[in-house]
Amino acid sequence: MNLSNKAYDVTKFICLVVSPALCTLLEALNVIWKLEGFPVSEIVLTIGALTAFVGACLKFSSDKYAETKKDE
C-alpha cells in the first residue's frame, strides 16, 4: 500500500502525538473523576494497541520506501 506524503505525515502525527496525548488525558480524567462504570482502561489499551499496530505498519512502509529510493 502506498501512502501520499500528506497521508503518511498525518498518520505519523496521530501515532506520535495525538494518540499518546489522548491516552494520557483519559487516564488522568479517570483518576481525577473516578469514572465508575466507564471502561477507561479498556479504551486506553485499545488505543495503545491500535497505535502500536499502525506505527509498525508505518515503519514497514517507511523502510520499503527508503529501499526503493536507494535502488534508484
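The model is predicted.

I'll start with the fold. The protein chain has two helices and zero strands. Its radius of gyration is 16 Å, well over the 11 Å that the globule rule gives for 72 residues, so the chain is more spread out than a compact globule. The extents tell you how: along its principal axes, the C-alpha trace spans about 55 × 15 × 15 Å.

Next, the surface. Of the 72 residues in the chain, 12% are buried. The chain exposes about 5800 Å², and carbon and sulfur atoms supply 69% of that area. As for charge, there are 7 positive and 8 negative charges, and their mean positions are 6 Å apart.

Now helix H1, which runs over residues 5–33 and has 29 residues. From first C-alpha to last, H1 reaches 40 Å, close to the 42 Å expected at 1.5 Å a residue. H1 does bend, by about 40 degrees at Ile-14. Which residues of H1 are buried? They are Cys-15, Ser-19, Cys-23 and Asn-30. For background, an α-helix has 3.6 residues a turn, so residues three or four places apart point the same way.

Last, the loop. Lys-34 lies between H1 and helix H2, which covers 40–71. Most residues other than glycine have a negative phi. Lys-34 is not a glycine, yet its phi is positive, at about 45 degrees. Is Lys-34 buried or exposed? Lys-34 is exposed, with a relative accessible area of 58%, where over 50% counts as exposed.

That's the end of the tour.

Conventions: Residues numbered from 1 in each chain as written. Predicted model: local features only at pLDDT ≥ 70, side-chain atom pairs only at ≥ 80, totals over all residues. Heavy atoms only, no water. Helix = DSSP H or I, 4+ residues; strand = E, 2+ residues; numbered from the N terminus. Rg over C-alpha atoms; globule rule 2.2 N^0.38 Å. Buried < 20%, exposed > 50% of the residue type's maximum accessible area, 1.4 Å probe, protein only. Areas by Shrake-Rupley, 256 points an atom, 1.4 Å probe, with all protein chains shown as cover. Lys, Arg positive; Asp, Glu negative; His and termini not counted. Charge placed at Lys NZ, Arg CZ, Asp CG, Glu CD. Expected span 1.5 Å × (residues − 1). Bend = angle between axes of the 7 residues up to and from the residue.
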